Amino acid sequence: MPTIHPVVDEGLGNSAYVVELGDGRALVIDPARDPTPYLELARWRRLQIAYAAETHLHADFLTGSRELAAADGGQILAPRASRLGFAHQGLEDGQEVDLGGLTLRVLATPGHAPEHVSYLLLDGARPAAVFSGGALLVGTVARTDLAGPELTEPLARAAYRSLHGRLLSLPDELAVYPTHGAGSFCAAPAGDQRMTTVGAERRHNRLLAAPDEDTFVTELLASFGSYPPYFLRLRERNRVGPELLSADWRILPLLSTDQVRQQLAGGGVLVDARPVTAFAAGHIPGALSIALRPAFASWLGWLVDDTRPLVFVLDEDQDRGELARQCRTIGYDHMVGELAGGMAAWRATGLTEVRLPLVEAGQLDHRHGVVLDVRQASEVAGGHLPGALTVELGALAGDRLPAQLPDGPVTVMCSHGQRAMTAASLLERAGRRDLQVVVGGVDDWQQATGQALARS
C-alpha cells in the first residue's frame, strides 16, 4: 500500500494529501496556496513532488499547484473541463496516468462542481485509495450551490449519480480521502474524522440512505447553510491561476500611526487580530475585531472586501507569518502592513481608543437589553438563550444592522466570545453604543444558571 500523508488546514476544514509513489517521487492532491507544508514533508521523506492534482476548481481556497510546479518542477493534473489558464495536463473520465508503479484513474464525479473528478489510485490492478474531493465526505456530500443558482439542483442530481454510478461501486474496504472536512463551509461534517471508507459511508451516510434521487436532492439542498461571499470569487481565480508568491510574502511592513491613519482615510480596513480580552481593553475606533486563530481567514473573507487595503493591529507575540498565510490562502493579498508598536504606540500619541466591556455567561442579565446570538443557524438550532435575538455574524457584513435589533443596550454572544467580539466591533462601527460581549457561550450559561435552553 502506498504511504499517504494528510496535510490538514483546521481553519478552513480542508485536507490535502501527499502520496509517496515508491520511487522517490510524490503526488499531492488538492494543495493549498502555501507550498511550505508539502515541500517540508517531501524533503523530510526525501521526495520530489512530481505531480500536483486538482479534483475541482476550489471556491474556499486558492490552489498551490502552481507553487509546487514552480518549486519542484512537477506536472499539474486537472479536469480538462476546468479550462485552467496555466500549464497543466487536462484529464477526462476514464483516463489513466502512469505514476511509475502506481496508476491514477480519473472518475468523473460532477456534483460539488460541474468539472469535478475523483482520483482512484491503483496499485497494479488493485484499488488502493480514492481521493473524492467533495463528491463524498465523511457522513455527507459537499454542497452544489457554488457554481451558480441555476446549477444547484442539476448538480445535486449529478452528485447522486456520481455516488451511485461511480463511487459506491468501489470496494467497501477502499479508503476514501475527501478534501473537505469538519469546519468547511463547503460542507460541515460532524465530528473531526477526516477519512473514511466506501463501506462506512454506505452504512452510515444519511444522504446515501435516501431511497431515490428526488429524496437525496431534497435532503441535500435542505442541508446547505450560508457561506462566505469570497467563495463566489475564488473559482475563477483558481481557473486563471493564482499569482506566484514572492520571497517575502509572509512579511508585514511596519506602519507609523500617521501612516495607519492615512490608509484608513483612503479606504483601508483596520483589522485588529489581537485576542478578545486585549481588544476589549482598548482598540482604535472603527477597528474590526477578528482574533487570529484557525478560523481567522473564514471571517476575514466573510466580512471584508478583498479589494480594500488591509492594515492590522497585533500583539507582539502573535505570528505574523500565520496571519499572512491565512490571508493569502483565500486571496487577500492587499496587506499594507501593521501598526508598528501596536496599541502601545497608538496610546503613546494620545489618540482616542475605545473599550468594550466583557461579561461572563453566568452573569448575563436580560435587564441589560437584548441578547444577540451571532452563531450559525445550525448551531442555534441546537439551543439558544430564551428570548435571544439570533442573527448570523455574516449577516452583519458591511455594518448592516439587523432590522429587528431594537434601540438600547445589546449583549452579544456566540459559543466562546471571538465571533461575538467581531459582531460587537461591527455594531460599534455602525454607530451602536452600550454594547457588551459575553465570554463563553450558551453551554456556559446553562451550566452556570441551571436553566434550559430554548429550541426553535
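Tutor: Begin with a definition: two strands pair if DSSP finds at least two bridges between them. Keep in mind that this is a predicted model. Now apply the definition to β2 and strand β3 (residues 25-29), which pair in the antiparallel sense over four bridges. Within that pairing, Y17 stands opposite I29 in β3.

Student: What do β2 and β3 form, and how many residues are between them?

Tutor: They form a hairpin, with four residues between the two strands. In the turn, G22 has a positive phi of about 90°.

Student: Which way does strand β1 (residues 4-9) run relative to β2, and how many bridges join them?

Tutor: β1 and β2 run antiparallel and are joined by six bridges. P6 has Y17 as its bridge partner in β2. Here too there is a hairpin with four residues between the strands, and G13 in its turn has a positive phi of about 75°.

Student: How should I read the crossing of helix α1 (residues 36-44) and helix α2 (residues 65-72)?

Tutor: Look at the distance between the axes and at the angle. These axes come within 10 Å and cross at roughly 40°. That makes α1 oblique to α2. The contact is made by Y38, L39 and R43 of α1 and by L68, A71 and D72 of α2.

Student: What does the length of a helix tell me?

Tutor: First the general idea. An α-helix has 3.6 residues a turn, so residues three or four places apart point the same way. Helix α3 (residues 152-165) has 14 residues and reaches 20 Å from its first C-alpha to its last, close to the 20 Å expected at 1.5 Å a residue.

Student: Which residues of α3 are buried?

Tutor: They are T152, L155, A156, A158, A159, Y160, S162 and L163. The elements covering them include β8 (102-108) and α5 (213-222).

Student: How many residues of α13 are buried?

Tutor: Ten of the twelve residues of α13 are buried, and the helix is mostly covered. Among them are R419, M421 and L427. Helix α13 (residues 418-429) reaches 17 Å from its first C-alpha to its last, close to the 16 Å expected at 1.5 Å a residue. G431 follows α13 and has a positive phi, near 105°.

Student: Which strands does α13 lie across?

Tutor: It lies across β18, β19 (370-373), β21 and β22, running at about 145° to β21. The open sheet here has five strands, ordered β18-β22-β21-β19-β20, with parallel pairing. β18 (358-360) and β20 (389-390) stand at the edges with a single partner strand each, so one side of each has no neighbour in the sheet. Strand β21 (residues 410-414) and strand β22 (residues 435-441) run parallel, joined by four bridges. V412 stands opposite V437 in β22. Helix α14 (residues 442-449) lies across β19, β21 and β22, at about 80° to β22.

Student: How many disulfides are there?

Tutor: In general, a disulfide is a covalent bond between the sulfur atoms of two cysteines. The cut-off for the pair of sulfur atoms is within 2.5 Å. By this rule the count is zero. The closest cysteine sulfur to that of C186 is in C327, 19 Å away, which is too far for a bond. C186 counts as buried because its relative accessibility is 1%. C327 is also buried, at 0% relative accessibility.

Key
Residues are numbered from 1 along each chain as its sequence is written. This is a predicted model: local features need pLDDT of at least 70, side-chain atom pairs count only at pLDDT 80 or more; totals for chains, interfaces and linings use all residues. Side-chain values use heavy atoms; hydrogens and water are left out. The expected span of a helix is 1.5 Å times one less than its number of residues. Buried means under 20% relative accessible area, exposed over 50%, partly exposed in between (1.4 Å probe, protein chains only). Contact means heavy atoms within 4.5 Å. Axes are lines fitted to C-alpha atoms, for helices over the stretch in contact, and angles run from 0 to 180 degrees between N-to-C directions. Angles under 35 degrees count as roughly parallel, over 145 as roughly antiparallel, 65 to 115 as roughly perpendicular and the rest as oblique.
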